[in-house]
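Me: I would like to go through this model and ask what stands behind each label. Please give the criteria along with the values.

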Amino acid sequence: MNARRSVPKGFIGLLGVVAIIASACGSSTTSTAPSATASEAPSVAAATEAPSPSLVNITPAPIAAGPGPNGGTVVRWFIGLGAGTQPAQIGPEQAFITAFNNSQKDVYIQYEIVDNTQASNILKTEIAAGNAPDIIGPVGVEGLNLFQDQLLDLKPLIDSTGYKSNGVDQSLVDFFNSLGQNGATVGLPFAVYPSFIFYNKDLFDEAGLPTPPTKVGDPYDGKPWDLDALRTLAMKLTVDKNGKDATQAGFDPNNIVQWGFESQYMDNYNLRAESAFFGAGALQDSSGKAVIPDYMAQAAKWYNDGVWKDHFIPTANQVTSDLLSGGSEFASGNVAIDEGHTWFTCCVTPSAPKKPFKFGFAVQPTVNGKITSPLHADTFSILKTTKVPDAAFKALQAIVASGDLLTAYGAMPADQTKQQAWFDSIDAQFPGMKLDWNVAKQMLAYPDIPNHQSNVPDYSKVRSAMQAFGNAYRTTQGLDIDAELAKLQQTLQGIFDEATP
Amino acid sequence: MARTSRAVPAPIRRSREGRGQLGPSGREAVWGFVFVAPWIIGFLLFTIGPLIASLVFSLTDFDLVRPEAVRFVGLDNYARMVADPLVVQGLVVTARFAIIAIPVTMIASLGVALLVNSPRLFGRNLFRTLFYMPIQIPLVASTLVWIGFLNTETGWLNGLLGLAGIDGPDWLNSATWVYPALTLIGLWGIGNFMLINIAGLQSVPTELYEAARIDGAGPWSSFRRITIPMMSPILLYNLVISLITTFQYLTQAYVLTNGRGDPNNATLFINLDLFREAFVNNHMGYASAIGWLLFTIVLVMTLVLFFIARRRVYYAGGEA
Amino acid sequence: MTAPATARLIPLSDRGPVARSMRRYLGRATLTLVAVMLLSAFLLPLLSMVTLSLEQAGQRTTAGAPFYPASPATGTYQGETYEIYSVPMDGTARDLMLVTKGRSESTFVDPADPTQTPIVWQGAWRTLKQAWTFSLSFDNFTTAWAQLNFPRLLFNTAAVSVLSTTGAVLSSALVAYGFARFRFPGKNILFVILIATIILPFQVTLIPTYAVFTKLGWTGTWLPLIVPHFFANAFNVFLLRQYFLSIPRDLDEAATIDGAGPFRILRSVILPLSVPAVTAVSLFHFFYSWNDFFLPLLYLSGKPDLQTLPIAIQQYNALYVSQPTLIQASALMTMAVPVIVFFLAQRAFMRGVVVTGVEK
């Protein structure tokens, strides 16, 4: 404790020694297995997808240090922290990169696509081992928090190049600018995802119920569109195998086949995310004390009752059951109302042989007289270890400006001038649904400030604690929520205390 | 290295019967080094550096996303470990699991090996292939299979139990049932040990069994007096490897318990705690210290096993 | 187990009274039956996996769907497809298309004659039995095959696995032989160090290991997945050493008297007697390499053309979208090669019996 000193040099030196030993012996190692590798892998640099794969076009070339094939500076782009790893997204990404690399000779983008369950582990490995990429993204607010210390402040580059986020509302520019620590700008505005109600129209029709309002202030069925209205509606849309709904006598909670409500993909069971449409608030007061905001306590009880007393929210076991498609609840067609973000249009379509159901958007209900629409945002960032900030920034601008990527990712543009084109591209995927995009636009006016993903000391531990809490009320009947909340507050206090010495 | 070994004086070799043919001990030692040389070279090239590096990490506050701000903290990490309830929990959970899972796996894999090695069984090849198959399933798929199979709502297991009139437990969300569930999943992966046991069974000379039969020994007695002693080197291997892998148990626990050791840290295995410290909390320095604690514990246990094995394990070729 | 190997070669009828051979046969049948029962229980999760891979994706989300692969019986009405339910009506059950669903009354149409007036039925449609017919869907397999570029992935995976297995088995056999048959100073210490290398969890050596391969310029290539295996690893060496140690020394000594050197003894005495163990080691390594996920992902993330099967399958488990039927179908296709390899490699275990049997 007393003899602390900073020793990055010695540390890196150690790695250097290891590397020198390794490379000194490198020649002997390659001679051990040359015939095998060399014969299988002649270097033909054809990375293009052949229709019938020729099985020898394999290039075991290391990540290039020199200029790329187009003569430009190589910029490494790491994909996987958010969207971008599905087969349907990889194609457009490759097309974008090829087009970009062919269109100019200054910058050559080289991409890495990493399965998102492992992406942050792999990125951390690359960073820690001194082999970090230049650009990361698309990445949400949460991802930025996890890598906050490594993000480059883009302000000097923005100033020197005169970059303008055209078409982006100043409030959103401010929002993106608020994501860095110590006033740094760590990402260019790319996409925003207000949240609202997704509803399954077929299930409303079956129940003979009107669909929820699409305009802020409109009533539902003659009554205010608030939390109670949502609860009652959700219970009517929760049905057992005999066709009885959750408001009826004789409803069988052990054999539910359709659920009224779910907050799927709000970072499953994370209390901080699941409670965000109840309001907004900080987890830490100005003196550093951990607080559970009132709206969050209210939400915890609402969800707990919703799962175990009113039965309109599925339990963890029901979520992973076959009926809810092992975790794709809304797409299973067995959930009537889902509270989700704009990007959720990626994932609503059920698979054959079920007919695609009709779905629609509705505004968030008021909670305690207020509307809150939790906001997600995607951006692209540059890591501060980059050796080529200018080239990386050039690539970054091109990525952020690409309409094709917005469509592939299902990312609602932060740039208002691009929004209509994006709405049209999503509408084209759902012919005949007539999605009401005004809902999304209206909800942008009710963001949660502070954001439910805003940074806190030791973000990842706080997130784990919030998920553990949510997991408990999804798996355990009869929890004493007040006691659990007190425990959560203690846990948070411990995390904050440890993180801020 | 070969040169130094040649300098070793001859008397160092204790003479044993039937060992003279290789000539002077010096030449034997040279040959020994020649044969183990590939491993020594590989060890120096790829392994020793990272090993030492991780030991050095354990003396620092190395944070994965702040690699430029590493500081020596001496033995702080080790001191912190002693008071860390999660590390204690991790060791307890792992020990508890080891006590259940290792014997079950050892016995089950030997039992299945005996079964599918029996000449009286029709279609042995097919049985072996099928018993081996589960560990060939890619992890992402087998994980989903088990999550589905153990689901309380639509899973087959509780469905079958329900047919038998039994109300199946909440396998993955109950602190009590999660161990049997993980053991069950572990049983699915006995294929490798089964195969090793089959190989071991085949190394037992058949004439020994014939001799025993002539002496009037029954199947149980010849199993105890011939199979077990002749198999003992292989059983030792299985035991040591199970011990090592149990203390590194991670992937299944990670995937099936939301990556947090749910419910309520009941499945926070020591290696899961290590993984979380390293890659979730980014505390690679601290995680390395946990790694070296784990290393010390398992190494000591392994050495104890080897020590006990000196008297219990029979090597037909004599111990080298 | 106790039956001498030769006994099996003699026809049953020659072996004495019919009753005795009958009893023997019954014993074998009983044993096999027990094994079948045990295996069925053991493989039940696998069966659920195969079932899922042969289903259409939406089947399992339908309440009351059968557990076997099936498709709903449907009919057409005004150009739209509707599912058929068994509706109790006037004392009999009629198979009708459910056209409009409602909580207390629903509208049905007779699929045999859709021009008739739709029938309104009072009651909860969820209590009706839906008609399903058994049907296997191979779409998941064809989709995954085409979408993931399976031939390329198979080639990559096989190449990495074969190369690294070759290296691992050759080097491990040499090293194990060294540890099993020779005395040299520091041997015990070296052996303990060897075992120690697999005791430390790889998570804490991952970063420096990755740094080494990065400095060598090997990231983005297969080399980190292949080359280290040419330097033996503790799992394999330990197993082979244990096996070599149980081979009696008289055999080596006989060969030595005939003038064989250490390499020849290894090749012509030790290895032939260790076929089961060497096969086991080769299989383990091959399957390990075939299914390895994290390291190929780490080293090959920038090179989709070099990637292996497990990475590709994982794409179906992407953020926000999991496609279980495609995961299971592609997993089964991934498994096919290892399963066939295993089935064929088993001859080695049969030969093991013969060798020890013949060896007097």
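Me: What makes the crossing of α4(B) and α11(B) right-handed or left-handed?
Reply: α4(B) passes α11(B) in a right-handed crossing. A crossing is called left-handed if the near helix is turned anticlockwise from the far one by less than a right angle, and right-handed if clockwise. This is a predicted model, in which local features need pLDDT of at least 70 and side-chain atom pairs count only at pLDDT 80 or more, while totals for chains, interfaces and linings use all residues. Residues are numbered from 1 along each chain as its sequence is written, and chains are lettered from A and ligands numbered from 1 in the order in which they are written.

Me: At what angle do the axes of helix α4 and helix α11 of chain B cross?
Reply: The axes of α4 (residues 85–117) and α11 (residues 219–247) of chain B cross at roughly 145 degrees and come within 10 Å. Axes are lines fitted to C-alpha atoms, for helices over the stretch in contact, and angles run from 0 to 180 degrees between N-to-C directions. Helices are DSSP runs of H or I with at least four residues, strands are runs of E with at least two, and both are numbered from the N terminus.

Me: Which residues make the contact, and what is its make-up by class?
Reply: T94(B), F97(B), A98(B), A101(B), I102(B), T105(B) and M106(B) of α4(B) meet N238(B), L239(B), S242(B), L243(B), T246(B) and F247(B) of α11(B). Two residues are in contact if their C-beta atoms, placed from the backbone, lie within 7 Å. By class the contact has eight nonpolar, five polar and no charged residues. Ala, Val, Leu, Ile, Met, Phe, Trp, Tyr, Cys and Pro count as nonpolar, Asp, Glu, Lys and Arg as charged, and the others, Gly among them, as polar.

Me: Why is L146(A) called buried?
Reply: L146(A) has 20 other C-beta atoms within 10 Å, so it is buried. The criterion is 20 or more other C-beta atoms within 10 Å of its own for buried, 12 or fewer for exposed, and partly exposed in between, with C-beta atoms placed from the backbone. L146(A) lies in helix α6 (residues 141–146) of chain A. Leaving aside neighbours within four places in sequence, L146(A) is in contact with S120(A), Y459(A) and S460(A).

Me: Why do the buried residues of α4(C) line one face of the helix?
Reply: The buried residues of α4(C), residues 187–196, are L190(C), L194(C) and I195(C). Seen down the axis, they fall within an arc of 140 degrees, so they line one face. The arc is that of the directions from the helix axis to the C-beta atoms. The face turned away from the buried side carries the exposed N188(C) and I189(C). The cover over the buried residues includes α2 (25–57) and α14 (284–312) of chain B and α7 (234–245) of chain C.

Me: Where is the kink in α1(C)?
Reply: The kink, about 50 degrees, lies at L44(C), shortly before the proline P45(C), in α1 (residues 18–53) of chain C. The bend at a residue is the angle between axes fitted to the seven residues ending there and the seven starting there. P45(C) is one of the buried residues of α1(C).

Me: How many residues of chain C are in contact with chain B?
Reply: 95 residues of chain C are in contact with 96 residues of chain B. α1(C) gives the most to the chain C side, with 13 residues. That side divides into 66 nonpolar, 22 polar and seven charged residues.
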